[in-house]
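My notes are below, in the order I made them.

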Amino acid sequence: MSSPQAEVPDGPHVPVLLTEVLDALGPLSGARIVDGTFGAGGYSRALLLAGASVIGIDRDPRVQPHAERLAAEFPDRFRFVPGTFSALDTLADGPVDGVALDIGVSSMQLDEPERGFSFMREGPLDMRMAAEGETAADLVNTLDETDLANLLYAYGEERKSRRIAHHIALARAERPISTTTELARLIEKAIGRKPGDAHPATRSFQALRIAVNGELDQLVDGLAAAERLLGEGGRLAVVSFHSLEDRIVKRFFEPERAEPVQSRHLPMRVAETPRWSRVTKAIRAGGAEVAANPRSRSATLRAALRTSAAARPLDPEMLGLPRVGGRR
Ligand SMILES: C[S@@+](CC[C@H](N)C(=O)[O-])C[C@H]1O[C@@H](n2cnc3c(N)ncnc32)[C@H](O)[C@@H]1O
């Protein structure tokens, strides 16, 4: 049975597939849920309103005011823990009934020019969700041309990656590339722009953001952590925003295949008991949601129920993680 249409807050970030995520995590009254991507707290608030207790996690220190507001409203049932969801099993203490992950950037991150996520807004080429580590400018100005091309291809699925990397190498030999719009213009000059198509910098910006924040590693480690944390019957709901992420989530939920027996002298390898049951198909936003919130157009939700089988170590390559130089 579907839960009633969840209340969508007027916050700075409109939560995507909210009703569907609540359905996937229910029943919610009295449940303990980890919201591993707190953001502006849209999911957390709806979960709290449905009667759950929530532990919110986010790596971006700027979500703090949203967390404080919810903590004041629900002092007994909400707690915020700063950190990455790759460690969600250690950040959440005690048993948990469900985990929600809504991966990617928030509207706040995209909309603040000084964060450097958007090629539409002039800002420093930063793109870090947490204020630590290498920036996008560091990558663009220091990576070897071939490594840069490989990165744009692997994380952005950018087919013109070599041409873009070459133009970047020529430009940075004159002076470092330091702003979002400077890079966007350079990419447009390198590969041109067709009317009606997405901005030519879209894929390259996605690739740089993924690399800067180690997003695919975070996803694999977060899925593994949720598998360790959730006991039998526990629920996991993951919303992703591009095909690289969705492929990882899809493969993660698939039961492992039995390996072919290499030798008659070796014991037969049998397929392991599945860790996940009732795996949903890809759930996409309906026409009304897409019309109201265009960001939801590329969102895919997959959800499943934890079985009693022991958690396994995950093989990032089996899950489809591209390898780029030393990075994943
Ligand atoms: C799409 S937004 C989530 C929005 C949220 N569901 C809401 O309704 O407001 C993603 C959030 O996850 C955070 N995030 C992304 N990767 C993370 C990670 N590996 N660990 C913790 N937080 C992460 C981002 O900082 C951002 O605030």
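These entries go through strands, a helix, salt bridges and aromatic rings.

**Entry 1: ground rules**

I am working with a predicted model, in which local features need pLDDT of at least 70 and side-chain atom pairs count only at pLDDT 80 or more, while totals for chains, interfaces and linings use all residues. Residues are numbered from 1 along each chain as its sequence is written, and side-chain values use heavy atoms, with hydrogens and water left out.

**Entry 2: strand 1 and its neighbours**

I took helices (H or I, at least four residues) and strands (E, at least two) as DSSP runs, numbered from the N terminus. I call two strands paired if DSSP finds at least two bridges between them. Strand 1 and strand 2 (residues 53–58) run parallel and are joined by four bridges. I looked up R32 and found that its bridge partner in strand 2 is S53. Between these strands the chain passes through helix 2, and this β-α-β crossover is right-handed. Right-handed here means that, with the strands pointing away from the viewer, the path from the first strand over the helix to the second runs clockwise. Strand 1 also pairs with strand 4 (residues 98–102), again in the parallel sense, over three bridges. There, I33 has G98 of strand 4 as its bridge partner.

**Entry 3: strand 8**

Which strands does strand 8 pair with in the antiparallel sense? I found strand 5 (residues 235–240), with six bridges to strand 8. Strand 6 (residues 276–277) is joined to strand 8 by two bridges, also antiparallel. Strand 7 (residues 283–284) is antiparallel to strand 8 too, over two bridges. For landmarks, I noted that A237 stands opposite A303 of strand 8, that W276 has R306 as its bridge partner, and that I283 has L301.

I then checked burial, where buried means under 20% relative accessible area, exposed over 50% and partly exposed in between (1.4 Å probe, protein chains only). Seven of the seven residues of strand 8 are buried, so this strand is largely enclosed by the rest of the structure.

W276 and R306 turned up again: the charged end of R306 sits over the ring of W276, 5.6 Å from its centre. My test for this was NZ of Lys or CZ of Arg within 6 Å of the ring centre and within 35 degrees of the ring normal.

**Entry 4: helix 11**

Helix 11 has 15 residues and spans 20 Å from its first C-alpha to its last, close to the 21 Å expected at 1.5 Å a residue. The expected span is 1.5 Å times one less than the number of residues. Is helix 11 mostly covered or mostly open? It is mostly covered, with twelve of its 15 residues buried. Among them are E215, L216, L219, L223 and E227.

**Entry 5: salt bridges**

I counted a salt bridge when a side-chain nitrogen of Lys or Arg lies within 4 Å of a carboxyl oxygen of Asp or Glu. The whole structure has 15 of them.

- D89 and R228 meet in a salt bridge at 2.7 Å, N to O. D89 lies in helix 4 (residues 88–91) and R228 in helix 11 (residues 215–229), so the pair ties together parts 139 residues apart in sequence. R228 is partly exposed, at 49% relative accessibility.
- R302 and D246 form a salt bridge, with the closest N and O atoms 2.6 Å apart. R302 is in strand 8 (residues 300–306) and D246 in helix 12 (residues 243–253), 56 residues apart. Both R302 and D246 are buried.
- R62 and E114 form a salt bridge with 3.2 Å between the closest N and O atoms. R62 is in the loop between strand 2 and helix 3 (64–73), and E114 is in the loop between helix 5 (107–111) and helix 6 (136–142), 52 residues apart. R62 is partly exposed at 43%, and so is E114 at 41%.

I also found one network, in which salt bridges that share partners join D60, R62, E112, E114 and R115.

**Entry 6: aromatic rings**

Rings of Phe, Tyr and Trp (its six-membered ring) pair if their centres lie within 6.5 Å; planes under 30 degrees apart count as stacked, over 60 as edge-to-face and the rest as tilted. The structure holds six such pairs. For F38 and F78 the centres are 5.5 Å apart and the planes at 35°, so I noted the pair as tilted. F38 lies in the loop between strand 1 (32–35) and helix 2 (42–49) and F78 in strand 3 (residues 78–82), so the pair ties together parts that are 40 residues apart in sequence. Both F38 and F78 are buried. F38, F78 and F80 form one aromatic cluster.

F252 and F253 make another tilted pair, 5.3 Å centre to centre with 50° between the planes. F252 is buried at 0% relative accessible area, and F253 is buried at 4%.
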